[in-house]
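The sequence and structure are shown first.

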Amino acid sequence: MARVSRLRRPCPDGGVLPGSCDIVTGMVFVASRPSRPTRRRAQLYSAIFCCFAAPALAIPGSPRHPRRRVHFYTFSDTIPHPGLCALAEATSELGGVLRVIGLSKRPGYILIHSHSPTLKFLMLQEVVEYEVSVGRVREDDLMIFADGHDTLLQRPIAHILAAYERFAGSPFLISGEKNCWPWPHTHESHGKWDPGMAIDPNTTFQVHKWLQLSAIEFCRAIPERGPYRYPNIGLSMGPVFRVLEVLRRNNRIVLDEDVNDQGAMWLVIIRHAEELNIEIDQNAEVFLNMLQYQPGDLEREPCADDYFRPGLPVPPVEHPGFVVTGRQEYCPAGAEITHAEVCMSAAAALGLQWAGAFRGVGDHWHCLHADDGRNAVFFNSAGAVGAWDPPNMAYRSVCLSAPRPHVRENSPPRNLLTNTTPALLHFNGPSHEDETWPSCYHAWTREFRVVGAGHVMFDVDHDTLLDTDFLCEYGWYTIRDFHALPVHNQMLEYLKAFYQQPVDPGLSAWRGNMSAVDSTRLGREEDLHSESRFVHIAISRGRQEA
């Protein structure tokens with residue numbers, strides 16, 4: 001059975017040495033330990049660590065935006081899920097924290113909610129509006145949205161921002177794909193996948209007061225400026241205020257005109273692209289849709305053993321110089337010290353005492369000098385879940401004297417159609433139905449899964465950080481299929497405890513009792529997985545005991 005205990009985390013604030021801080025506590029659920037030594041303890045961390053709530057990533061930007069906060073959202077109603085795990089662990093390794101919405105619902109809820117995956121955008125709008133209202137997210141921050149189970153991150157978050165900044169005016173940027181859906185196809189250029197789920201060709205839609213389009217005209221309405229001509233809602237990004245306005249228009253169409261969310265987004269683009277500054281990533285500068293992928297589109301095929309290859313080496317610096325900033329300042333972009341060993345060397349070079357490494361979520365990040373009487377250097381390994389702004393007036397940052405280029409050890413292949421290397425891949429159906437997606441899942445696991453490195457995802461619904469070490473351990477089973485979601489007995493015990501957690505009271509109050517998120521049209525949540533006795537008990541007991 002799961003037991004509840006208290007978690008102590010290191011925190012160097014207030015003149016207390018790392019490892020002895022009593023301020024930071026959180027709930028920890030410890031499931032019965034699996035028999036295999038590679039399976040680890042399951043931990044659910046409270047989202048408030050040392051006066052710190054939901055993590056946001058601060059990364060260097062352009063001269064127009066010297067430093068921008070980026071929030072990376074996804075939707076999932078299923079935990080654990082191999083695809084969600086691969087996305088979360090890559091995000092942790094590549095400079096971010098994945099914010100997951102939907103985990104307060106039971107697995108499969110999206111299928112009983114409504115037609116198509118309409119739920120995810122309804123929920124995203126509510127959650128982001130709530131997070132703006134409580135100050136976790138600012139309207140001028142950037143946000144990314146990715147489908148939770150069939151998207152994979154392959155380049156650093158900083159690369160996403162750099163590629164995005166090439167689009168003028170901070171647009172709402174949506175992924176492009178080769179296939180025109182959900183509209184009827186009338187020409188081979190409209191794509192090869194037309195499964196009969198398209199809208200009735202005789203249906204007409206109002207564009208504005210003096211213009212209507214029939215369903216068969218939509219595929220011709222989008223001008224072709226790259227090989228990924230047509231919008232796909234699985235990946236998008238933009239300033240929070242702009243994304244919210246797009247979501248409001250989209251969701252109003254879904255509810256009022258009874259159109260699935262992909263069709264609704266087409267209508268938003270046709271009606272409001274100029275007003276809302278909407279761009280389609282037709283040249284895969286940020287996003288790459290894998291539907292209708294053809295061998296040779298990438299310089300290496302997905303996902304062979306050499307999919308990630310060594311990148312260009314960083315020029316060696318034999319005797320780097322180090323500097324210390326003023327109090328309550330971070331290093332300039334590119335000058336951060338991101339490894340404990342380099343931080344220790346910096347302390348020695350500067351004649352300062354080396355005090356060791358700690359993990360301080362919400363604390364001063366990277367290499368810091370505690371100028372509070374201790375005169376010691378610490379290294380905070382929390383990375384992207386450190387504080388957005390320096391929180392302690394007595395701390396300085398220890399930096400490289402000159403910024404160094406950041407090149408990952410391994411890099412994904414270029415897209416030969418566009419000569420770009422996009423950061424996010426989307427294996428939307430049916431592109432995840434063959435052996436390619438499982439091969440990519442295993443490639444991502446080899447590249448990005450690191451146990452004991454503090455990988456987490458942020459469960460927005462429960463206001464909780466989830467440790468992926470236990471959740472994402474599939475060493476006991478070989479993932480062979482996108483739809484195979486194995487769980488073992490210890491995970492069932494974990495889920496019983498997980499589903500007893502209350503939804504964030506503020507989010508519940510914001511949502512109210514009339515939310516479209518809670519209105520199912522195709523079934524009842526309590527009936528989900530009734531054919532699987534043990535899973536049904538695990539996910540139902542939490543509901544009954546909550």
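## Cavities

A cavity is a set of grid points where a 1.4 Å probe fits but from which it cannot get out. By that definition, this predicted model holds four cavities of 30 Å³ or more. The largest cavity contains about 60 Å³ of space.

The residues lining the largest cavity are C85, A86, E89, A90, Y441, W444, T445, F448, R449 and C472. Sorted by class, this lining comprises seven nonpolar, one polar and two charged residues. Helices α1 and α9 each contribute at least two residues to the lining of the largest cavity.

## Packing of α1 and α9

Two packed helices are described by the angle and the distance between their axes. Helix α1 spans residues 82–93 and helix α9 spans residues 436–448; their axes come within 10 Å and cross at roughly 35 degrees. The crossing of α1 with α9 is left-handed.

On the α1 side, the contact involves P82, G83, A86, E89, A90 and E93, which meet W437, Y441, W444 and F448 of α9. Seven nonpolar, one polar and two charged residues make up this contact of α1 with α9.

## Confidence

The chain has a mean pLDDT of 80, with 81% of its residues at 70 or more. Residues 1–54 stay under 50, and the model gives them 142 contacts beyond four places in sequence. Residues 314–319 are also below 50, with three contacts beyond near neighbours in sequence. Where pLDDT is low, predicted coordinates should not be read in detail.

Technical notes. Residues are numbered from 1 along each chain as its sequence is written. This is a predicted model: local features need pLDDT of at least 70, side-chain atom pairs count only at pLDDT 80 or more; totals for chains, interfaces and linings use all residues. Side-chain values use heavy atoms; hydrogens and water are left out. Axes are lines fitted to C-alpha atoms, for helices over the stretch in contact, and angles run from 0 to 180 degrees between N-to-C directions. Helices (H or I, at least four residues) and strands (E, at least two) are DSSP runs, numbered from the N terminus. A crossing is left-handed if the near helix is turned anticlockwise from the far one by less than a right angle, and right-handed if clockwise. Contact means heavy atoms within 4.5 Å. Ala, Val, Leu, Ile, Met, Phe, Trp, Tyr, Cys and Pro count as nonpolar, Asp, Glu, Lys and Arg as charged, and the others, Gly among them, as polar. pLDDT is the predictor's confidence in each residue, from 0 to 100. On a 1 Å grid over the protein atoms alone, a cavity is a set of points where a 1.4 Å probe fits but cannot get out, and a pocket is an open set with protein on both sides within 12 Å along at least five of seven lines; lining residues have an atom within 4 Å of a point. Grid points are joined across faces, edges and corners, and a volume is the space filled by probe spheres set on the points.
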